[in-house]
Amino acid sequence: MSGMVIGEQLNKITAERKALARQMTIANNVEITNVTSKEFVVGGDKKPGLSFDFQFITK
């Protein structure tokens with residue numbers, strides 16, 4: 001089975017500026033917060049699909 005990403009919507013972006021450290025590390029985390037079944041219109045046809053809500057956090 002193949003899939004595709006139909007769209008993406010950003011609701012909020014937060015950033016903080018802090019002092020630089022000599023040795024910095026970067027950690028990424030993706031957390032899926034909600035999944036719902038939904039119908040999408042693709043090329044004029046209704047197709048079943050899933051809608052994912054997620055948080056992508058970089059520290």
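Student: Why is Lys47 called partly exposed?
Tutor: The relative accessible area of Lys47 is 40%. Buried means under 20%, exposed means over 50%, and partly exposed is what lies in between, with a 1.4 Å probe and protein chains only. The 40% of Lys47 falls in between, so the residue is partly exposed.

Student: What kind of model do these values come from?
Tutor: The model is predicted: local features need pLDDT of at least 70, side-chain atom pairs count only at pLDDT 80 or more, and totals for chains, interfaces and linings use all residues. Residues are numbered from 1 along each chain as its sequence is written, and side-chain values use heavy atoms, with hydrogens and water left out.

Student: Where is Lys47, and which residues does Lys47 touch, not counting those up to four places away in sequence?
Tutor: Lys47 belongs to strand E2. A contact here means heavy atoms within 4.5 Å.

Student: How many helices and strands does the protein chain have?
Tutor: It has zero helices and two strands. Both kinds of element are DSSP runs, numbered from the N terminus: helices are H or I with at least four residues, strands are E with at least two. E1 covers residues 28-42, and E2 covers residues 45-58.

Student: What makes E1 and E2 a pair of strands?
Tutor: Two strands pair if DSSP finds at least two bridges between them. E1 and E2 are joined by 14 bridges, so they meet the rule, and the sense is antiparallel. Among the facing residues, Asn34 stands opposite Asp53 in E2, and Lys38 has Gly49 in E2 as its bridge partner.

Student: How many residues separate the two strands of the hairpin?
Tutor: Two residues lie between E1 and E2. Gly43, in the turn, has a positive phi of about 60°.

Student: Why is Ser51 called buried?
Tutor: Ser51 has a relative accessible area of 19%, so it falls under the cut-off already given and counts as buried. Ser51 lies in E2. Beyond its neighbours within four places in sequence, Ser51 contacts Asn34, Val35, Thr36, Lys38 and Phe40. Of the 59 residues in the chain, 2% count as buried.

Student: What is the class of Thr36, and where does Thr36 stand relative to Ser51?
Tutor: At 34% relative accessible area, Thr36 is partly exposed. Thr36 is in E1. The C-alpha atoms of Thr36 and Ser51 are 5.2 Å apart, although 15 residues separate the two along the chain. Besides Ser51, Thr36 touches Gly49 and Leu50, again leaving aside residues up to four places away in sequence.

Student: What makes a nonpolar surface patch in this chain?
Tutor: Val30, Ile32, Val35, Leu50, Phe52, Phe54 and Phe56 form a patch of about 700 Å². The strands E1 and E2 each give two or more residues to it, and the largest share, four residues, comes from E2. The rule takes residues with over 30% relative accessible area and no salt bridge, and joins nonpolar side chains (Val, Leu, Ile, Met, Phe, Trp, Tyr) within 5 Å and like charges within 9 Å. Accessible areas follow the Shrake-Rupley method with a 1.4 Å probe; for residues, only the protein chains shown count as cover.

Student: How do you know that Val35 and Phe54 pass the accessibility part of that rule?
Tutor: Val35 has 42%, so it is over 30%. Phe54 has 45%, so it is also over 30%. Val35 is in E1 and Phe54 in E2. Val35 also touches Leu50, Ser51 and Phe52, residues up to four places away in sequence not being counted.

Student: Why is the contact between Glu16 and Lys18 called a salt bridge?
Tutor: The term requires a side-chain nitrogen of Lys or Arg within 4 Å of a carboxyl oxygen of Asp or Glu. The N to O distance between the side chains of Glu16 and Lys18 is 3.7 Å, so the pair qualifies. By this rule the count is one salt bridge. Glu16 is exposed at 62%, and Lys18 is exposed at 64%.

Student: How does the radius of gyration of the chain stand against that of a compact globule?
Tutor: The chain has 17 Å, whereas a compact globule of 59 residues would have a value near 10 Å. The radius is taken over C-alpha atoms, and the globule rule is 2.2 Å times the number of residues to the power 0.38. The C-alpha trace spans about 55 × 25 × 20 Å along its principal axes.
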